[in-house]
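Subject: Structure handover and findings

Hello,

Here is the structure we talked about. Please load it first, then read the notes below.

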Amino acid sequence: MIGEPLDGPWSFRATDVTKSYNGGKTLANDDISIEVHPGEVFGLLGPNGAGKTTLVKQVIGLLKPTSGSITLGPYDLVDDPDVARQLCSYLPQAQMPIDSFKAQEAIIISGAIRGGPRDQVLRRANEMITALEIEEWRNTLGTKMSGGVRRLVGFIMTTVWPGKVVILDEPTNDVDPLRRRLMWQQIRNLAQDGVAVFLVTHNVMEAEKSVDRLAIIDEGRLVASGTPSSLKTNDRGHVRLQLMLSPGAETPPLPEFVIRDTRAGNNLITVIDESAAATGIAWARDQMVAGTADEYAIGAITLEDVYVRLTGHASAAEFDL
Amino acid sequence: MTTEALVAPGVLPAKRSGLSYWLWSYGAMLRWELTNTRLILPLLVLAQALSGAGLVLGFGLLMPSLPPTIAAYLVTGAAVVSLIMVGTSVGPQLVAQQKIEGSYDYMWSLPVPRSAAAAAWVALNTVIAIPGMLAALLAGALRYHVHFDISPMVIPAVLITLITGTLIGYALSHAIPKPEVTFLVSQVLIFVIFGFAPIAYPAGNLPAWLATVHQYLPFVHMADVVRSSLVSGLVTDVGHSYLVLGIWSLAAAAITALVLRRRK
């Protein structure tokens, strides 16, 4: 698919999707429009409760939009939820119900349910089990799998015979760092095979490395969309200065050159102008001498900083530092 | 390019439909359901068999000797209770469990016709229910020497009883959003079926108004069609019972279809 125009006959389009509850008092999705094209990995980012999962459930026909349209190629997915389920594969955020299944069984039966011919499903299952390095759990029952292995099995169940659109809701949850990388490689392979990958996450740092384009939603509204670098243009000329505060320390008074700041756990992340970098470092050192901070780091603006500016929330990843 | 066949550019896959798609989906979902319950299936089957036999033997403790006709009535009644109980009580509890685990949404995002998934569910319930029925009949033959007179009508009778019962439970468990409420409702159903439905005793033993209500409910008719296929001479108007059950099974199927198509 490489080299073909992205906006192909199988593009996925959500247009002006609004989902309201309580007779319009609660807006879970407020006029959201996005497009995901075959061959790309599209990220939908936002804090918990922003309305990401609500949007996804409307795509696969578990919920019905209050207004707006959702189409995939020639099909109207709102009018025809049967075709939506046939053409979209969905990995939900909750763990898969595979307690009684051996890994390989769960994958093979899922491939059959998705309509895949047996020999091809088997071949691809073997490829993915090997690629994700879960060979040793091939014949292990779900009850005996760790959360991470179960997640990887769920991922293969969803993508062993993928639809035109693959929707992954927090796919890397519980997965160890090594296999996360392998999983991202598989997600990239799916896109290269022509699938439109629709990734839902609140882990911004992972998304920055893995998605082609993204949209950020907050409180049901689309607050930004574009490529990771295009979203950073407003912060051109800025750098991030991050302090690891001493456990229990209060946030110190911030100097005037701090453009904005956010705190996640003991992390104090500030955005400052490039020209204030030296002054900023001196201030950070003062904090260490005073015992307020244990260490500091200065670096380029990340998608995380953009995300914090737009949503006012630190993402999950910021707590993992 | 392992998924080439599926996503070959320029080829629009037609929406899948038709009988072969339905049968394929039914087979795949049945494999899913059987594998999904296999850890508890032996236990469920055993519990059903024990309660089927236990019901009959329990009557024996209450009334050590019974006239043959009443014994036949009780024993066939116990068999029917076993059949109904699975669909209206065990099934809904399994669905409620899916909601608690969070796997319910995944199950309903699968690309299979809803009717094929429901049919696989009925088949699973059949596998769980039949041993209970057989155990009740066996216990009846041993304990009361009930003479059975089994006609080929036992197959449609058992099937329509299972399908109607399972679909009623299925519709209920999907229509009720809260799993806690589902548990409660299935407990109430057990209570009603055990105590206040004329399955193991004649409707004449009930207050007149309740007997009238049961003419319109499916339980007594389930008992009548199954009983008439096992023992001769106990039931007269079995055609009427099939008619009522036919209406109930169609209604339950329609409600199930409606509930499953509904999107909040």
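A definition to start with: buried means under 20% relative accessible area, exposed means over 50%, and partly exposed is in between (1.4 Å probe, protein chains only). By that scale Gly73(A) is partly exposed, with a relative accessible area of 25%.

Some ground rules. This is a predicted model, where local features need pLDDT of at least 70, side-chain atom pairs count only at pLDDT 80 or more, and totals for chains, interfaces and linings use all residues. Residues are numbered from 1 along each chain as its sequence is written, chains are lettered from A and ligands numbered from 1 in the order in which they are written, and side-chain values use heavy atoms, with hydrogens and water left out.

Chain A

Back to Gly73(A). It sits in the loop between strand 4 (67–72) and strand 5 (75–76) of chain A. Helices (H or I, at least four residues) and strands (E, at least two) are DSSP runs, numbered from the N terminus. Leaving aside neighbours within four places in sequence, Gly73(A) contacts Pro9(A), Trp10(A) and Ser11(A). Contact means heavy atoms within 4.5 Å. Val211(A) is 138 residues from Gly73(A) in sequence and 22 Å from it in space, C-alpha to C-alpha.

Next, helix 1 (residues 52–59) of chain A. Six of its eight residues are buried, so the helix is largely enclosed by the rest of the structure. The buried residues are Lys52(A), Thr54(A), Leu55(A), Val56(A), Gln58(A) and Val59(A). Gly61(A) follows helix 1 of chain A and has a positive phi, near 80°.

Positive phi values

Most residues other than glycine have a negative phi. Asp16(A) has a positive one, near 50°. Asp16(A) belongs to strand 1 (residues 12–21) of chain A and is partly exposed, at 40% relative accessibility. In chain B, His145(B) also has a positive phi, near 55°. His145(B) lies in the loop between helix 6 (114–144) and helix 7 (154–175) of chain B. His145(B) is exposed, with a relative accessible area of 65%.

Aromatic rings

A pair of aromatic rings is described by the distance of the centres and the angle of the planes. Rings of Phe, Tyr and Trp (its six-membered ring) pair if their centres lie within 6.5 Å; planes under 30 degrees apart count as stacked, over 60 as edge-to-face and the rest as tilted. How many aromatic pairs are there over all chains? The count is ten. One of them joins Trp32(B) and Tyr106(B): tilted, 6.4 Å centre to centre, with 50° between the planes. This pair links distant parts of the chain, 74 residues apart: Trp32(B) is in helix 2 (residues 19–36) of chain B and Tyr106(B) in helix 5 (residues 104–108) of chain B. Trp32(B) is buried at a relative accessible area of 0%, and Tyr106(B) is buried at 4%. In chain A, ring pairs link Phe12(A), Phe42(A) and Phe198(A) into a cluster.

Two charges sit over rings in chain B. The rule: NZ of Lys or CZ of Arg is within 6 Å of the ring centre and within 35 degrees of the ring normal. Arg227(B) has its charged end over the ring of Tyr73(B), 3.7 Å from the centre. Lys99(B) lies over the face of Tyr104(B), 4.8 Å from the ring centre.

Helix packing in chain B

Helix 4 (residues 68–101) of chain B packs against helix 8 (residues 179–195) of chain B at an angle of about 170°, with the axes 9 Å apart. Axes are lines fitted to C-alpha atoms, for helices over the stretch in contact, and angles run from 0 to 180 degrees between N-to-C directions. Angles under 35 degrees count as roughly parallel, over 145 as roughly antiparallel, 65 to 115 as roughly perpendicular and the rest as oblique. Helix 4 and helix 8 of chain B are therefore roughly antiparallel.

Leu189(B) is in helix 8 of chain B. It is buried, with a relative accessible area of 16%. Not counting residues up to four places away in sequence, Leu189(B) touches Thr88(B), Leu172(B) and Phe219(B). Leu189(B) and Met85(B) are 104 residues apart in sequence and 8.5 Å apart in space, C-alpha to C-alpha.

Best wishes
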